[in-house]
Amino acid sequence: MKQAVTIVLVAFFVALSGCSATVQSTSGKSYLEKYSEVPAAETDVTDGVKGIDQLVREAASVEPVLRFPARIGLARIGEYGRLSAIPEAEAEHWMDLKARLGGGYGDFVPINPLVAALTNSVMTREQRAAMDTVDEIRLAAARQHLDAVLIYEVSTSRQVRQNALAATDFTLITAFVLPARKVKGVAVGNALLIDVIQGYPYGTAQADIEERKMATLWSVESKTSAMNERMRAAVTQALTDEAEIMFRELRLQIAELD
């Protein structure tokens, strides 16, 4: 009896495997001055269409204007790459981050999908077609008078493999009882802090976790669904830890600019 109980116990493991944060506070003006003597291609504008040389220079011509405390938007990219509401389990971790940082960093303001929809409603069909999700987020952030916006995305994936016990799948009882499937879940979180007006990238944060467990043939789907929910919350927590590192380093660099 003891052996049977041991067999059906679930093996549960969560590991932090990859976390990182980067910060940028360099001046576009200073960057371009280094190349002021380098001519752009003569054919950089053809029939009113800008060439890559001109686009590169325009992309570089942004300045780190963010100062703390600031109004910082929080935008979540959800299913199908669209702006989504922030689930309660994830929102708790972002509010914890706000508390850890303290009032010196400012306020965190969720980007409301309804505000984004309202902002988009005044545009033409052609304008909406030309925009991507980040453009929509910047417009909604501008409508909410935010200085910067932290855009984050959490994705999950799974891998299910059979083990030796899968040979018993043909019996109804063993299919319900024996853990004949190895389930591996991976969750990845990415965040990007940008200036609303310019699109200046102030920093990035990344985190991922992995969870492994055993499941029976009939419990794979339910266990995978529960696993994904846990991992989304867990990787968000890890992501907020990296975002905290990013914000603290960014504040130090920005202070040196003044």
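Me: Which residue in the hairpin of β4 and β5 takes a positive phi?

Reply: Tyr 80 does, with phi near 65 degrees, and five residues lie between the two strands. A note before we go on: this is a predicted model, where local features need pLDDT of at least 70, side-chain atom pairs count only at pLDDT 80 or more, and totals for chains, interfaces and linings use all residues. Residues are numbered from 1 along each chain as its sequence is written, and side-chain values use heavy atoms, leaving out hydrogens and water.

Me: Why is Tyr 80 called exposed?

Reply: Exposed means over 50% relative accessible area, buried means under 20%, and partly exposed is in between (1.4 Å probe, protein chains only). Tyr 80 has 72%, so it counts as exposed. Its place is in the loop between β4 and β5.

Me: Where is His 145, and is it buried or exposed?

Reply: His 145 sits in the loop between α7 and β7. Its relative accessible area is 62%, so it is exposed. His 145 also has a positive phi, about 55 degrees, although it is not a glycine.

Me: What makes a stretch a helix or a strand?

Reply: Both are DSSP runs, numbered from the N terminus: helices are H or I with at least four residues, strands are E with at least two. The protein chain has nine helices and nine strands.

Me: How do you know that β4 and β5 pair?

Reply: Two strands pair if DSSP finds at least two bridges between them. Two bridges join β4 to β5 (residues 83–84), and these strands run antiparallel. Ile 77 stands opposite Leu 83 in β5.

Me: In which sense do β4 and β6 pair?

Reply: They pair in the parallel sense, over five bridges. Gly 73 has Val 109 in β6 as its bridge partner.

Me: What makes β4 mostly covered?

Reply: Strand β4 spans residues 70–77, and seven of its eight residues are buried.

Me: Why is Ser 84 called buried?

Reply: Its relative accessible area is 17%, so Ser 84 is buried. Ser 84 lies in strand β5.

Me: What is Ser 84 in contact with?

Reply: Contact means heavy atoms within 4.5 Å. Leaving aside neighbours within four places in sequence, Ser 84 is in contact with Arg 76, Ile 77, Gly 78 and Pro 113.

Me: Is Phe 108 buried or exposed?

Reply: Phe 108 has 7% relative accessibility, so it counts as buried. Phe 108 lies in strand β6 (residues 106–110). Residues it touches beyond four places in sequence include Ile 72, Met 95 and Phe 247. Ile 72 is 36 residues away along the chain, yet the two C-alpha atoms are separated by 5.0 Å.

Me: What makes a group of residues a nonpolar core?

Reply: It is a set of buried Ala, Val, Leu, Ile, Met, Phe, Trp, Tyr and Cys residues joined through side-chain atoms within 4.5 Å. The largest one here has 33 residues, and Phe 68, Trp 94 and Phe 247 are among those that touch the most other members. Helix α9 (220–257) is one of the elements that give two or more residues to this core. The largest share, 10 residues, comes from α9. A second, separate core of 14 residues includes Val 109 and Ala 116.

Me: Which bond joins Phe 68 and Pro 69?

Reply: A cis peptide bond joins them, with omega about 0 degrees. Most peptide bonds are trans. Pro 69 lies in the loop between α3 (52–60) and β4.

Me: Why is α5 called roughly perpendicular to α7?

Reply: Axes are lines fitted to C-alpha atoms, for helices over the stretch in contact, with angles from 0 to 180 degrees between N-to-C directions. The axes of α5 (residues 113–120) and α7 (residues 133–143) come within 9 Å and cross at roughly 95 degrees. Angles under 35 degrees count as roughly parallel, over 145 as roughly antiparallel, 65 to 115 as roughly perpendicular and the rest as oblique. Therefore α5 is roughly perpendicular to α7.
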